[in-house]
Amino acid sequence: MHGAVLKFKSIKGTRDILPDESHRWQYVEQAIRSVMHRFNYKEIRTPVFEETSLFARGIGELTDIVGKEMYTFIDRSETSLTLKPEMTASVMRAYIQNNLGEQQPLVKVYYLSPMFRQERPQAGRLRQFHQYGAEATGGTSARIDAEIIALAMEVYEALGIKNIELRINSVGCPECRPHYKEILKEYLGKVYDKLSPESQRRLEQNPLRILDSKDEKDRELTRDAPLMLDHLCKECAAHFNELQDSLRLLHRTFTVDGRIVRGLDYYTKTAFEIISSDLGSQDALAGGGRYDKLVEELGGKPTPSVGFAAGIERLLMVMEHQQIAIDNDIHPDVFIAAPDDEGRRWALAAAMTLRHAGIPCEIDLLDRSLKAQMREADRQHARFVLVAGASELQQNAAQLKDMRTGEQRTLTLSNLPVELKELQRDSGKTQ
RNA sequence: GUGUCCAUAGUUCAGUUGGUUAGAACGCCAGGUUGUGGCCCUGGAGGUCGUGGGUUCAAGUCCCACUGGACACCCCA
């Protein structure tokens, strides 16, 4: 090592997904896509950044996300841009911009994408993290809410995840929420002095939050506090009843939790969370709800919508915790080992022939000894090793070794791909 | 943004009241007779002890700062 070595490191709160774990990601991504497909949701991809004002407007100026967590920067043309901290605002922007609602009345889309929030990292929380989610735009029926919830739950079931809990609530609408807020403020105002400093601060800005406090004393004080659920307007109450009815039709068990508060301003009526006890303090696997005012807030025609977002890192954490095995099936079926130079020259071309024939194949590219090549083949979990040196090639032949049984026999090279294809099929059956 | 704990080979860790050339396991590489993996045996490579200051005759070991990590608060996926 010479000279000053400047060590580059990944940015705080970001991490690499390394070759040994990427298959886990591919596996869950494939499961997610498969479920989305069955529910007839189509993928939407939006840019990683947007105009800052889209998020400020869509998520809410007073939210933590907008207030202190966004990655915002000024580009060379003096425009303020922000790396997306969540997807819903972007999706609704795309919905409006591309007139998706004009082509069909109900638009169902899903996404799978990195998100960015500048928070202090901890278990289940990164600065760049990955979410998948879905949005159904264009309908008011609580049956759509139920479908979205069922869809979110389905992914966990498809992956064999256990011990998750579904909690639902209604956060009301612009009709009934303001009334309720006043009632709650009045109730909490009486015990203001006893509230935690955090909650005192919250009383004006976001009194609903206080119900969700982790502080023991706050919990005690709010035990009998009035809940939104008991102050819903007629429409919201009916919607919430229909939601529960729909969930029962789908045989989904749920608990009604009047204290669920969503962090984003745009929610109306339905709010839900999917919780796992196998996570740390950040125990929400997924969260979502209805946001009937967002589209018009962003300048579109009034259009109701429901959706959810779920974290992939947290999903993987739970799977790991529950020891759900994910096989890594990325390995060569055949390793071509060459004992001499002539073998090496042949192997280079032979490997390509096999690959073109659809057989995953590896060769030694480091001029290693035959023993080292065998070791490598074993490490890579190659099912077969093909050994061919000058002497075999002269006979137009090669040795084929079955790495599981250790048996070895001579193969004729003329129909090599065909023979290996057969072996590949046979071993596939027995696996 | 706040708090607590932490930072030694590729990885997981040990390192005695500060005292000579910093260790182990696993991994990696090479051998164990001719061209054959796993198990076993032998040997080898690999660390300016996160970075920068300070205290001391002497610092991986003590002090400070910075950076990074883990966890929790806030909040959220």
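Tutor: With a term: helices (H or I, at least four residues) and strands (E, at least two residues) are DSSP runs, numbered from the N terminus. Residues are numbered from 1 along each chain as its sequence is written, and chains are lettered from A and ligands numbered from 1 in the order in which they are written. This is a predicted model, where local features need pLDDT of at least 70, side-chain atom pairs count only at pLDDT 80 or more and totals for chains, interfaces and linings use all residues, while side-chain values use heavy atoms, with hydrogens and water left out.

Student: Which elements each supply at least two residues of the surface near RNA strand B?
Tutor: Among them are helix 3 (64-69), strand 6 (128-137), helix 8 (197-205), strand 10 (284-290), strand 11 (305-311), helix 16 (390-394) and strand 15 (397-402). Helix 15 (370-379) is also on that list, and the largest share, seven residues, comes from helix 15. A residue is near a molecule or strand if one of its heavy atoms lies within 4 Å of it.

Student: Which residues come nearest to RNA strand B?
Tutor: Of the 49 residues around RNA strand B, the nearest are Arg 125, Arg 209, Gly 263, Arg 379 and Ser 391.

Student: And how do the residues of that surface divide into nonpolar, polar and charged?
Tutor: There are 14 nonpolar, 14 polar and 21 charged residues. Ala, Val, Leu, Ile, Met, Phe, Trp, Tyr, Cys and Pro count as nonpolar, Asp, Glu, Lys and Arg as charged, and the others, Gly among them, as polar.

Student: What part of the RNA is facing them, sugar or phosphate, or bases?
Tutor: Of the RNA strand B atoms within 4 Å of the protein, 56% belong to sugar or phosphate and the rest to bases. An N or O atom in the side chain of Arg 375 is 2.6 Å from a phosphate oxygen. The side chain of Gln 131 has an N or O atom 2.7 Å from a sugar or linking oxygen. For Gly 311, a backbone N or O atom lies 3.2 Å from a sugar or linking oxygen.

Student: Changing topic, how is chain A divided into domains?
Tutor: An automatic or database assignment sets the bounds: domain 1 is 22-176 + 232-321 and domain 2 is 334-426. Their centres, taken over C-alpha atoms, are 50 Å apart.

Student: In what order do the five strands of the open sheet run?
Tutor: The order is 13-12-14-15-16, with mixed pairing; two strands pair if DSSP finds at least two bridges between them. Strand 13 (361-363) and strand 16 (408-412) are at the edges with a single partner strand each, so one side of each has no neighbour in the sheet. From one strand to the next, the twist averages 25°.

Student: How do strand 12 and strand 13 pair?
Tutor: Strand 12 (residues 334-337) pairs with strand 13 in the parallel sense over three bridges, and Ile 336 stands opposite Ile 363 in strand 13.

Student: Which strands does helix 14 touch?
Tutor: Helix 14 (residues 341-356) packs on the sheet, touching strand 12, strand 13 and strand 14 (384-387), at about 170° to the direction of strand 13. Helix 15 touches strand 12, strand 14 and strand 15, and its direction makes about 175° with that of strand 12. Contact means heavy atoms within 4.5 Å; axes are lines fitted to C-alpha atoms, for helices over the stretch in contact, and angles run from 0 to 180 degrees between N-to-C directions.

Definitions and conventions:
A polar contact is a pair of N or O atoms within 3.5 Å; within protein, one must be able to donate a hydrogen and the other to accept it, and residues adjacent in sequence count only if both atoms are side-chain atoms.
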